[in-house]
Amino acid sequence: MNILVINCGSSSLKYQLIDMKDETVMANGLVERIGIDGSRLKHQAYENDKVTIEVPMKDHKEALLQVLDALTHGEHGSIKSLDAINAVGHRVVHAGEKYSESVLIDDAVIAALEECIPLAPLHNPPNLTGIKAMKELLPNLPMVAVFDTAFHQSMTPDAYIYALPYEYYEKHGVRRYGFHGTSHRYVVQRAAEMLGKDVKDLKLVSCHLGNGASVAAVDGGKSVDTTMGFTPLEGLVMGTRCGDMDPAVATFLMENETLSIDELNNVMNKKSGVLGISGVSSDFRDIETAAGEGNARAQLAIDVFNRRVKKRIGAYAAVMGGVDGVIFTAGLGENSATNRKEICSGLAFMGIEIDDEKNNVRGKDAFISKDGCSVPVMVIPTNEELMIARDTQELVG
Ligand code: ADP
């Protein structure tokens, strides 16, 4: 079975065609600047060189047409005709409380996701646009929606209720939802395989540290707590997002910097995080370079980031009554030995100790903890596309 995985953003579209026989990627690519001058598609079929196709694409339907064309192209395609695509898996950000698992898409699912738009006004509309465009282009193909929020629907109310008047939860659905669910679910399954244990018998802390960052406590394969909340703004320090702070800071800044709601949102989402602290960049590679050259604010950004991850590892061990493994994934988690070491420093009291030599690893499955310490620490590259394809295969079966 060949599955096309689609991830639609507001002006971009990522895709992978996966052969589920051996889970190989037959082709992947990225469309950028949809609806903007200079639209282009970067496409790569398995073992071929990358090609860039520059054509105007005024909307997601035109972008998908170009993707389907590239996939079946005589020279740089990987399938002869569209009949070789058996199903489509869509990444969808927010399913509110409606879905705790991936679902086959029908009109009722589309209606339910439209109802969730107020919860994810920037993300759900482009996700839905992609679903509708695909449905128009290939109406008979089964399609599955895989949600970022679904994995965290197993949290109990004591983990997801905010200490606000309860009516805001009832009226507006204001609660913790959590995100990065597909990534946390993937790495936890992989960790169980690496540990040679059933995931049901494991208490794991999963640290997804990319531009967006979140930690999840996963007990017996189920998410029991996570750092992101009502939106992906809560929790850890991120590239440009502030994460946790005293909520009173928001009203203070509105008053004393005369910021509008939009301006405040922009500050907290786009100008904060390690970018805001360091003033250097949102990218850790730039910040590490600056810190190495003696930039004190760059070093401070790294220290604040690491401390917050460390605190969550401790907190989630307490929530689960122990921990059997810690996982690092996503851009920073997979690549930065120094951050991993710093985050785990001082945790020997709970059985977590990093082995410097093993920690000298990038972007591949590896154990990085000292032999014999009681809590294995693992690096596991995330693969959300594969998880989406697996769910799609299971549902379409
Ligand atoms: P996104 O949330 O956009 O998917 P990624 O998971 O791709 O983010 O992570 C991107 C971030 O990972 C970069 O901004 C950078 O901070 C960090 N990163 C990537 N490679 C390295 C590296 N070699 N060393 C340190 N940090 C890295």
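This is a predicted model: local features need pLDDT of at least 70, side-chain atom pairs count only at pLDDT 80 or more; totals for chains, interfaces and linings use all residues.

Residues are numbered from 1 along each chain as its sequence is written, and side-chain values use heavy atoms, with hydrogens and water left out.

**Stop one: H11 and H13**

Select helix H13, residues 337–344. Helices here are DSSP runs (H or I, at least four residues) and strands are E runs of at least two, numbered from the N terminus. H11 and H13 pack at about 50°, with axes 8 Å apart; axes are lines fitted to C-alpha atoms, for helices over the stretch in contact, and angles run from 0 to 180 degrees between N-to-C directions. The pair is therefore oblique (under 35 degrees is roughly parallel, over 145 roughly antiparallel, 65 to 115 roughly perpendicular, and the rest oblique). Now show Ile302, Phe305, Asn306, Val309, Lys310 and Ile313 of H11, which meet Asn339, Glu342, Ile343 and Cys344 of H13; contact means heavy atoms within 4.5 Å.

**Stop two: H10 and H11**

Next, pick H10 (284–292) along with H11 (296–320): they pack at about 125°, their axes 7 Å apart. This crossing is left-handed. On the H10 side, look for Phe284, Ile287, Glu288, Ala290 and Ala291, and on the H11 side for Ala298, Gln299, Ile302 and Phe305.

**Stop three: H6 and H15**

Move on to H6 and H15, which pack at about 85° with axes 9 Å apart. That makes H6 roughly perpendicular to H15. Among the residues in contact are Arg185 and Gln189 of H6 and Arg390 and Asp391 of H15.

Which residues lie closest to the centre of the second largest pocket? The pocket holds about 640 Å³ of space, and of its 21 lining residues, Ser100, Glu101, Phe151, Arg185 and Gln189 are closest to the centre. (On a 1 Å grid over the protein atoms alone, a pocket is an open set of points where a 1.4 Å probe fits, with protein on both sides within 12 Å along at least five of seven lines; lining residues have an atom within 4 Å of a point.) H15 gives the most to this lining, with 5 residues.

Key
A crossing is left-handed if the near helix is turned anticlockwise from the far one by less than a right angle, and right-handed if clockwise. Grid points are joined across faces, edges and corners, and a volume is the space filled by probe spheres set on the points.
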